Amino acid sequence: TSQIEPTLESDETYNNTPTNIVPEEVYWVGGSLILICVFIICYKPIRNKLWTQTMKNPMIILIAIGRYDNDPDEALVKNVGAILQDLQGIDNDIKNTVSLFQDTFNYVIFPKYDINAHIKQRW
């Protein structure tokens, strides 16, 4: 048998293995990573848009009861189990709540409160 010595031309003809081949798995992993990144970036704005409700022209009803009747009603004592004492410091709560909703959020509060005057606490 005679062997033919390969020539330079025949080496180029039979060596058809490209050197820049990327395995198919790399494409799948890369594509998956890109999809995950797109999902993470887009998920929060879409979620916020779907689950957020916008409030327009809200009405705030602020009624603070801080003073109670002195003579205990038997039904009230029976239901609550104690005589209710007047709440100390409720004026500060009302002033802060009015300031938050009226001054900060610019909402309309009912009933109207003048936080510099006497605040009604018995209804």
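Colleague: Buried means under 20% relative accessible area, exposed over 50%, and partly exposed in between (1.4 Å probe, protein chains only). Where does Phe-105 fall, buried, exposed or partly exposed?
Modeller: Phe-105 is partly exposed, at 41% relative accessible area. This is a predicted model, where local features need pLDDT of at least 70, side-chain atom pairs count only at pLDDT 80 or more, and totals for chains, interfaces and linings use all residues. Residues are numbered from 1 along each chain as its sequence is written, and side-chain values use heavy atoms, without hydrogens and water.
Colleague: And Tyr-107, what's its relative accessibility?
Modeller: Tyr-107 has 21%, so it counts as partly exposed.
Colleague: How many aromatic pairs in the whole structure?
Modeller: The search finds 3, counting Phe, Tyr and Trp rings (six-membered ring for Trp) with centres within 6.5 Å. Phe-105 and Tyr-107 make a tilted pair, 5.5 Å centre to centre with 35° between the planes; under 30 degrees would be stacked and over 60 edge-to-face.
Colleague: Which residues do ring pairs link into a cluster?
Modeller: Phe-101, Phe-105 and Tyr-107.
Colleague: What sits over the ring of Phe-110?
Modeller: The charged end of Lys-112, 5.2 Å from the ring centre. The test wants Lys NZ or Arg CZ within 6 Å of the centre and within 35 degrees of the ring normal.
Colleague: Different topic. Which residues make up the largest nonpolar core?
Modeller: Ile-60, Leu-62, Ala-64, Ile-90, Ile-94, Val-98, Ile-109, Tyr-113 and Ile-119, 9 residues in all. Helix H4, residues 90-104, gives the largest share, 3 residues. A core joins buried Ala, Val, Leu, Ile, Met, Phe, Trp, Tyr and Cys through side-chain atoms within 4.5 Å, and helices are DSSP runs (H or I, at least four residues) numbered from the N terminus.

Technical notes
Helix = DSSP H or I, 4+ residues; strand = E, 2+ residues; numbered from the N terminus.
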